[in-house]
Structures are given as structure tokens and as C-alpha cells.
Amino acid sequence: DAIRFVQDKLNLSFIESIKDIGSNLGIEVQEKPKKAVDPKYDMALRVVQSANKLYLKVAEEVKPEAFLEFAKNRNLTEDTIRDFQIGYAPGNSALTSYLNSLPDDKKQMALKLAEDIGIIRPQKYGGGHYDFFRDRVTFPIWDHQGKVKGFSTRAVLPDQKPKYLNSGESLVFDKRNIMFGFNFAKKAIREQDAVIIVEGNMDVIMLHQYGFKHSVATMGVALSQAMIRVLSNMTKNIYLAMDSDPAGIAAMSR
């Protein structure tokens, strides 16, 4: 239809296309006033974004040997590391230290929400907190609008378990409604009129690095109705490229 034509031609969202058409026709498009921002939700987002900035800073400036070795072994280019904001969570609870340095009127709320989100944990003895992600490569998880909502992390030190450690469900993170990489892929999905669905974030990252930018990954869950609805509105050509092990084949069958 006309709206989809403008979306595809100018790479605009649905709302942006409506506004563009309206302006050309001299029709004012009015939006409903935005809902008041929940202070807790807003602070939780700020905490997650601060954590991401910290992990990036460590990777870019400190350059831990384990991080450099991981990037080399996985053939990650500098552009890919920058685009996907791949970082490193240090082992010294730097995030907890940062949150403790905030002004008193923000510190307690930030610490409580960081604990609720699961990126810091309370000490068993003596009070205080420690970082949940320590000595791990970090991959920020964006929502479909491009806001960081959580993390997927990978162990890089010997005997470090589990291999993958991810953000849990929280007031800002609902993995059932997020596809990793979708914020990067949506333009390419429209252009290619196809989408490739894989299991892991590294699968998506490497596919994008080698030109398959219309790739997304499920967050360790089956495709939800919400994900299917989003993708089927963009293309009818859906390629399943899960792992070829029994679990991957079962996921594709479902």
C-alpha cells in the first residue's frame, strides 16, 4: 500500500511514513501525549546503559588479554566490535563501585534497581554488593528500538562456569519479545525481503560481519507470537538456521 511504499523507499518507520505523507498533503498528524515516565523504569534503563558504557570502556582502554584473545580467536573485526558494542566486565566489581559513587539521592535507588535487574548481587556477609558479571565478554541486548535492555556474557577464563551467563527477566528485560540483532537487521530485512533466524548472538554477529545483515537470533527461547507478528509484517521469507544438533533441529521443527 501507499504507506508501505514510503516506508520501503525512504527507510522510515510506520509512524514516520504517516508524518511524511501528511506533510506532503498539508495534513497535520497529531500524536497522543506520551505517558509519564516511570522513575523506576527510567533509572533501571540508566543503570543498564551505564553498565554497557563501563564494559565498553574496559574493552577499549584497558584491553584485557582475555578479551583480545577472544576477539582474535573469533575473527572479530574492529568494526564489528564497535558496531555491536562488545565489551568486557572486569573482575573487580567496577560497576558496584561506580553506583556507590553516585550522589546519595540517586545511589540507593540505583543500587536497588541494579540488584533487581540482576547485574549486581548482595554480599552474603558484611553487607554491600558485588558485580554479577565478572571477567566476561559482554554483548548488550537491545530492544527493537535500539535501547540496551540487558546483557549476554561469555566466559573467557579457564574453568569459568557457566559458559554463557545472561540477564534474567526484569522490569526492563523481556527476552520473549526481543530478537538479538533486530535493531540492526530491520532495514536489511525489508531490503532483502527475507530474514535468517539463528540461535546465538555470535551467530548473528558473524553473519552480519560477512554481509548477511538480515539475520536475527532468538534469546534462548522459542519464537513467540510477538516475534512472528513483527517478522511476518516485514517479509514472508523466513529462513531457519538453528544449530544442526538435536536441540537445534527440534527448535526448527517447533
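Trainee: Let's start with a pairing: in E4, what is the bridge partner of Gly87?

Mentor: First, some ground rules: this is a predicted model, where local features need pLDDT of at least 70, side-chain atom pairs count only at pLDDT 80 or more, and totals for chains, interfaces and linings use all residues. Residues are numbered from 1 along each chain as its sequence is written, and side-chain values use heavy atoms, with hydrogens and water left out. Strand E1 (residues 87-89) pairs with E4 in the antiparallel sense over 3 bridges; two strands pair if DSSP finds at least two bridges between them. In E4, Gly87 has as its bridge partner Thr138.

Trainee: Which residue in the hairpin of E4 and E5 takes a positive phi?

Mentor: Look at the 5 residues between the two strands of that hairpin. The one with a phi near 95° is Gly146.

Trainee: How many residues of strand E4 are buried?

Mentor: Buried means under 20% relative accessible area, exposed means over 50%, and partly exposed is in between (1.4 Å probe, protein chains only). Arg136, Thr138, Pro140 and Trp142 point one way from E4, while Val137, Phe139 and Ile141 point the other way, and all are buried. For strand E4 (residues 136-142), the count is 7 of its 7 residues.

Trainee: What is the relative accessibility of Pro140?

Mentor: Pro140 sits in strand E4. Among the residues it touches, leaving out those up to four places away in sequence, are Asn52, Phe84, Val148 and Phe180; contact means heavy atoms within 4.5 Å. Pro140 counts as buried because its relative accessibility is 0%.

Trainee: Is Asp135 buried, partly exposed or exposed?

Mentor: Asp135 is in the loop between strand E3 (129-131) and E4. Although it is not a glycine, Asp135 has a positive phi of about 50°. Its relative accessibility is 26%, so Asp135 counts as partly exposed.

Trainee: Where is Pro162 found?

Mentor: Check the peptide bond from Lys161 to Pro162: it is cis, with omega near -5°. As for its place, Pro162 is in the loop between E5 and strand E6 (164-166).

Trainee: How many helices and strands does the chain have?

Mentor: Zoom out, and the C-alpha trace spans about 65 × 45 × 35 Å along its principal axes. Of the 254 residues in the chain, 41% count as buried. The tally is 11 helices and 9 strands.

Conventions:
Helices (H or I, at least four residues) and strands (E, at least two) are DSSP runs, numbered from the N terminus.
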